[in-house]
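Please look through the sequence and the model shown below, and then follow the paragraphs one at a time with the structure in view.

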Amino acid sequence: MARFHRVAIYSSILISIYLLVLFDVLPIPLIDASIAQEILPVIPWWLLVSFGSYSLWSLGWGVFTFRDCPEAYQELLQEINEAKNDLRSRAVTVD
Amino acid sequence: MNPFASPVSLNMQGQYNTPNTHKYSVILPTYNERKNLPIIIWLLAKVFEEHQLAWEIIVVDDASPDGTQEVAIELARAYGEDKILLKPRAGKLGLGTAYIHGLDFCTGDFVIIMDADFSHHPKFIPQFIRLQQAHNLDIVTGTRYRSTSTPYLAGARPGGVHGWDLKRKIVSRGANFLAATVLNPGVSDLTGSFRLYRLPVLRHIITLTQSRGYVFQMEMMVRARALGYTVGEVPITFVDRIFGESKLGADEVVGYLKGVWQLFKSV
C-alpha cells in the first residue's frame, strides 16, 4: 500500500468522525455540548494555522542554522593544485 | 546509555588494527569531465591508499566529445588497469542507466556513488565506511543539513555548503521540508547523491526505480526505507560549482514537485 493510500484512509476516517461530531450525530462524553459546538467549527482553521506557523518556524530555523563552509573551499583549491602537480609527474594530461 | 557512545566503543571506532577486507567500488558517471576526472581520481586514490582499503573506480562515460575517455585511459595506465575501469557508452543516456551499466562491472561488495565535479569530497568516504561497519548499515548517505551523524559516529565534523546565497538556502530548506512532510523519508538530505550502498541492496533498489534526474536519487532513498533497509547519515561539506554559478530554474522546481507527488503516490 503506498503512502498516498495510507494517508487517504486515515484522513477519511478522521474527517468522517469530525463531521459526525460536528452535526451532533455523535456526542462527545466529557465536554459540555454548548462549548463543544463553539470549538468544533474552528478546529480545521486551527489545524491550518498551526501547520502554517510550524512550517514557517521550521524554514526560518533551517535557514538560520545553515552552515557555510569556506574552509572546505580553500582546502579543495589547495588539493587541486597538489593533485595537478602530482599527476603531471605521472604522465597524465591535466588542463 | 547508548552502547555505541560508551568510552570503550568510542576508543575502538576507527582504531582497530585488523584491516578492512571489503572491496569498495566507486561508480563515476562522467560527461565532459576531462579537467575534473584526473583530480577526483587522485583524491579518491589518496584516500583509499591512506586507509588501506581495496578499491576500484568505474568510469561510465557517455561519449564525451572533449576527450574524457583518453584521460581515463592515461589514468588507468598510471594507477593500474584493475583499479580504474573505463566502461564507455554510446551516447548521453542518463544517470540511472549509467549506474546500472556500472553495476555490471563491479567486483567490490560495496558501491559508492558520488558526483565527479568536486561537490563531494572523497575525504568523507572513510567516515561512511566506519559508520557502516559500526552499525552494520545497508546504506550510508551524506547530509549537508546536519552537524552530527545518525547513528552516532565519533569524529564527524558538521556539514555545510559553500557557494549558496540566501535565496538558494531558502529554496533548499523549503524543498527539504516539503519532501520530509509528504514522504517522511527518515533522512535529512533527500536529494543528496553521495552515498555508500551494499552491492545487493543497490542492485535491488535500482531495478525498482523509475524516475530520472535527481528525483531518481530521492526515489532510491524512499524505496530503500520502504523496503526496510537500514540507513545512516554522515554530515558532509558540499562545495557547489567550484567553477561557475549555480542556477535553479522554474522548470526544476516544477519537476521536483511532480517527482515528490509521484513518489507519494507510488511508494
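Predicted model: local features only at pLDDT ≥ 70, side-chain atom pairs only at ≥ 80, totals over all residues.

For α2(B) and helix α3 (residues 68-79) of chain B, the axes come within 10 Å and cross at roughly 30°. Because angles under 35 degrees count as roughly parallel, α2(B) and α3(B) are roughly parallel to each other. The crossing in which α2(B) passes α3(B) is right-handed. On the α2(B) side the residues that take part are Leu37(B), Pro38(B), Ile41(B), Trp42(B) and Ala45(B), and they meet Thr68(B), Val71(B), Ala72(B), Leu75(B) and Tyr79(B) of α3(B). Sorted by class, this contact of α2(B) with α3(B) has nine nonpolar residues, one polar residue and no charged ones.

Helix α4 (residues 95-103) of chain B and helix α7 (residues 199-208) of chain B have axes that come within 11 Å and cross at roughly 140°. That angle makes α4(B) oblique to α7(B), and the crossing of these two helices is left-handed. From α4(B), the residues Gly96(B), Tyr99(B), Ile100(B) and Leu103(B) meet Leu199(B), Leu202(B), Arg203(B) and Ile206(B) of α7(B). The residues of this contact between α4(B) and α7(B) divide into six nonpolar, one polar and one charged.

The next helix to find is α5 (residues 125-135) of chain B, where eight of the eleven residues are buried, so that α5(B) is largely enclosed by the rest of the structure. The buried residues of α5(B) are Ile125(B), Pro126(B), Gln127(B), Phe128(B), Ile129(B), Leu131(B), Gln132(B) and His135(B). These buried residues pack against several elements of chain B, namely β1, α2, β4 (110-113), β5, β7 (195-198) and β8 (231-235).

Most residues other than glycine have a negative phi, and most peptide bonds are trans. Asn32(B), which is not a glycine, has a positive phi of about 55°, and it is found in the loop between β1 (23-30) and α2 (36-50) of chain B. With a relative accessible area of 36%, Asn32(B) is partly exposed. Gln52(B) also has a positive phi, near 55°, and is likewise a residue other than glycine; its place is in the loop between α2 and β2 (54-61) of chain B. At 64% relative accessibility, Gln52(B) counts as exposed. As for the peptide bonds, the one from Thr150(B) to Pro151(B) is cis, with omega near -15°, and Pro151(B) lies in the loop between β5 (139-143) and β6 (160-162) of chain B.

Single residues can also show what surrounds them. Phe177(B) lies in helix α6 (residues 166-183) of chain B, and at 17% relative accessibility it counts as buried. If its neighbours within four places in sequence are left aside, Phe177(B) is in contact with Phe51(A), Tyr54(A), Ser55(A) and Ser58(A). Leu10(B), by comparison, is placed in helix α1 (residues 7-12) of chain B, and at 27% relative accessibility it counts as partly exposed. With its neighbours within four places in sequence again left aside, Leu10(B) is in contact with Phe4(B), Ala5(B), Tyr152(B) and Ala154(B). The C-alpha atoms of Leu10(B) and Phe264(B), which are 254 residues apart along the chain, are separated by 39 Å.

Finally, consider the cysteines. A disulfide is a covalent bond between the sulfur atoms of two cysteines, and the structure holds zero disulfides over all chains. Cys69(A) counts as buried, at 0% relative accessibility, and Cys106(B) counts as buried at 10% relative accessibility.

Technical notes: Residues numbered from 1 in each chain as written. Chains lettered and ligands numbered in written order. Heavy atoms only, no water. Axes fitted to C-alpha atoms, helices over the stretch in contact; angles between N-to-C directions. Helix = DSSP H or I, 4+ residues; strand = E, 2+ residues; numbered from the N terminus. Parallel < 35°, antiparallel > 145°, perpendicular 65-115°, else oblique. Left-handed = near helix turned anticlockwise from the far one by under 90°. Contact = heavy atoms within 4.5 Å. Nonpolar A, V, L, I, M, F, W, Y, C, P; charged D, E, K, R; others polar. Disulfide = S-S within 2.5 Å. Buried < 20%, exposed > 50% of the residue type's maximum accessible area, 1.4 Å probe, protein only.
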